[in-house]
Amino acid sequence: MALHLDIFSQQFDQAQQQLAQLLQQAEQCDGPKSLLTQALDQLTNALEETHVLSEELAEQFNQLQSAQLSLTAERQQYFELFDLAPDGYIVTDTQGIIGHINQTAANRLNRRQRSSMGKPLAVMIAQADIHDFYKLLNQLQTGQALRQIKLRLQPYQKPSLHASFTIAPIKDHQSQVVGFRWLFRDLTHQRRATIALEESEAKYRAIVEDQTELICRLMADGRITFVNQAFCQYFDCSSESVLGDSFFTIIGETANERAMKHLAILDRLDFETPTLTLDHQIALPDGQLRWQRWRHRALFDRNGDFFQFQSTGRDITAQRQAEAASQQREAQLKLVTDVLPVFLTYVNAKQQVIYANRTDRHWLGKPRGGILHHYLWEVLGPKAYQQIRISVETALSGQRVSFEQAVTWSQQPPFKIKATFVPDQADDGQVHGFFALVKKLDP
């Protein structure tokens, strides 16, 4: 078109020059202007108008050419965006025949982009969903756009993949449906992650439900959001009946002041020290008093923000009773051993003094506090320890030892003792220590 305009401009210039020459010759003639001169004037005016029109036409052509270049660039940009889109994009006619397919969709389907055009989209749908696809295709004829449609695609020589479709109709200038745009997102990895998460949650729930310990989860204000079956059995309740109730009411912290104190303690937990163990005495629904030990753990999200507590409890009533009975027996033993006329002590396998009778300062020259949890050589001193070392090692080997021995005590004259070392030996033969009965003999 530009070439034709240039030729026309050249021809116009030539015609204008020839017309000017004719006008000059006509004006040189004597007498009134002839009809030829008038005709040449009119032709000159027409030629000028034609020239103006040609210039306007050239300007319009340049504008049209610029618009065409811009449109071509935009079209190229569209196709680049179409091809490089992160989601699959397919354009079909109303029968489902592929007119365009972007590179992402071709890659997902393991097919060549160019060879996929002209083929039915149905051949790329998994066989299990082909019936749903044709049903969907009929539904789309109404011109309705559809979102979040799940279909399985069948890539070439690869396992099927799960996809979520958004489908929009293509309409002509008469609002007639002439095709469809199929935008799909591969959900395979997301689905696998969801399945893995569901399996993990199921395993976690199974583990939690199989635990004999009492497990629950609490909000920051102590409201219960989850309890396991052991919790329900222990407190004779159902999970539905306690969800939303206060944990402190369940364990007997009915006084508001005590509950607030408990919450204040839990509030100290942070990302670096997330756990805390507390013992409680509770009254069961039947009035029975029991002891429980609860381990509270603060849970934090990826940003380090707290979102709830997970608490694990167990009944320690028997342990408490055993500890109380043991303390009572130790008190009774102490009453008996402290009045014995001999020095009674227990030394463990590391030769540390764990128990010693007599609270007053005795012939060792040290009170009980200067003996307990000290090593034997520290209590006796190096010289006295060397004098009885062989007997100590014999007792720790599992043999009972009785002997009379002169010992040298620091800052005291030598004196004689009578001692019996009795091994503390388990059924498997392991020696945990020995009991020592020592009596100072008169000179």
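Mentor: Let us begin with how elements are named: helices (H or I, at least four residues) and strands (E, at least two) are DSSP runs, numbered from the N terminus. By that naming, serine 311 lies in strand E10, residues 306-315. This is a predicted model, in which local features need pLDDT of at least 70 and side-chain atom pairs count only at pLDDT 80 or more, while totals for chains, interfaces and linings use all residues. Residues are numbered from 1 along each chain as its sequence is written, and side-chain values use heavy atoms, with hydrogens and water left out.

Trainee: Why is serine 311 called buried?

Mentor: Buried means under 20% relative accessible area, exposed over 50% and partly exposed in between, with a 1.4 Å probe and protein chains only. Serine 311 has 0% relative accessibility, and therefore counts as buried.

Trainee: What makes the pairing of the side chains of serine 311 and histidine 296 a polar contact?

Mentor: A polar contact is a pair of N or O atoms within 3.5 Å, where within protein one must be able to donate a hydrogen and the other to accept it, and residues adjacent in sequence count only if both atoms are side-chain atoms. The side chains of serine 311 and histidine 296 are joined at 2.7 Å. If contact is taken as heavy atoms within 4.5 Å, then serine 311 also touches residues including Leu214, Cys216 and Trp294, leaving aside those up to four places away in sequence.

Trainee: What makes phenylalanine 247 and tryptophan 294 an aromatic pair, and of which kind?

Mentor: Rings of Phe, Tyr and Trp (its six-membered ring) pair if their centres lie within 6.5 Å, and planes under 30 degrees apart count as stacked, over 60 as edge-to-face and the rest as tilted. The structure holds 18 such aromatic pairs. For phenylalanine 247 and tryptophan 294 the centres are 5.0 Å apart and the planes at 85 degrees, an edge-to-face pair. Phenylalanine 247 lies in helix H9 and tryptophan 294 in strand E9, so the pair ties together parts 47 residues apart in sequence.

Trainee: Why is the pair of phenylalanine 421 and phenylalanine 434 called tilted?

Mentor: Their ring centres are 4.9 Å apart and their planes stand at 35 degrees, so the pair is tilted. It links strand E14, with phenylalanine 421, to strand E15, with phenylalanine 434, and both residues are buried.

Trainee: How do you know that the charged end of arginine 320 sits over the ring of tryptophan 291?

Mentor: A charge sits over a ring if NZ of Lys or CZ of Arg is within 6 Å of the ring centre and within 35 degrees of the ring normal. The charged end of arginine 320 sits over the ring of tryptophan 291 at 3.8 Å from its centre.
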